Amino acid sequence: QVQLVESGGGLVQTGGSLRLSCAASGRTFSMYAMGWFRQAPGKEREFVVAIDSRGGSTKYADSVKGRFTISRDNAKNTVYLQMNSLKPEDTAVYYCAGYSGSSIFGRVTYWGQGTQVTVSS
């Protein structure tokens, strides 16, 4: 079965950086788009960023453009989220997402368990 395992969350001060990783297994990683979503307390889960299967196309939420960068290493079956200039409003549980196909415009079919990111002011 498909498994997505996130790591790299933690506590950081405003303006700081974190890098999240998501290790995937159970299917041919290089064939599928991947993404990150987040859910803050009392709010619905929201889209953050996605990357297509080859890493050639990305889509970012306006709230993170210019601060976050998604990348993937298909040889390591891993997708990364580099988060810079973090703000308190970035505090949330971050979820790795596996899409149904190679495109970032597809449907999310798999979720990781989530990793907590807390940005202190």
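The model is a predicted one, and local features are described only where pLDDT is at least 70.

Strand β3 spans residues 18-25 and strand β8 spans residues 78-83; the two run antiparallel and are joined by 6 bridges. Across this pairing, L20 stands opposite L81 of β8. L81, which belongs to strand β8, has a relative accessible area of 0% and is therefore buried. The C-alpha atom of L81 is separated by 13 Å from that of V5, although the two residues are 76 residues apart along the chain.

A disulfide is a covalent bond between the sulfur atoms of two cysteines. The structure holds 1 disulfide, and its partners are C22 and C96, with an S to S distance of 2.1 Å. C22 sits in strand β3 and C96 in strand β9 (residues 92-99), so the pair ties together parts that are 74 residues apart in sequence. The torsion about the S-S bond of C22 and C96 is about -80°, so this disulfide is left-handed. Are these two cysteines, C22 and C96, buried or exposed? Both C22 and C96 are buried.

N77 is found in the loop between β7 and β8, and its phi is near 55°, a positive value in a residue other than glycine. With 29% relative accessibility, N77 counts as partly exposed. The loop between β8 and β9 holds S85, whose phi is near 50°, again a positive value in a residue other than glycine. S85 has a relative accessible area of 39%, so this residue is partly exposed.

The last topic is empty space. Rolling a probe the size of a water molecule over the atoms shows where empty space is left. How many cavities of 30 Å³ or more does the count give? The count comes to 1 cavity, and the largest cavity holds about 50 Å³ of space. The lining of the largest cavity is formed by V2, L4, A24, S25, R27, F29, Y32, M34 and G98. By class, the residues lining this cavity divide into 6 nonpolar, 2 polar and 1 charged.

The largest pocket contains about 190 Å³ of space. This pocket is lined by 14 residues, and the closest to its centre are R38, A40, K43, E46 and E89. Which classes of residue make up the lining of the largest pocket? There are 8 charged residues in this lining, along with 3 nonpolar and 3 polar ones.

Conventions. Residues numbered from 1 in each chain as written. Predicted model: local features only at pLDDT ≥ 70, side-chain atom pairs only at ≥ 80, totals over all residues. Heavy atoms only, no water. 1 Å grid on protein atoms, 1.4 Å probe; cavity = no way out; pocket = protein on both sides within 12 Å on 5 of 7 lines; lining within 4 Å. Points joined across faces, edges and corners; volume = space filled by probe spheres on them. Nonpolar A, V, L, I, M, F, W, Y, C, P; charged D, E, K, R; others polar. Pairing = 2+ DSSP bridges. Helix = DSSP H or I, 4+ residues; strand = E, 2+ residues; numbered from the N terminus. Disulfide = S-S within 2.5 Å. Buried < 20%, exposed > 50% of the residue type's maximum accessible area, 1.4 Å probe, protein only.
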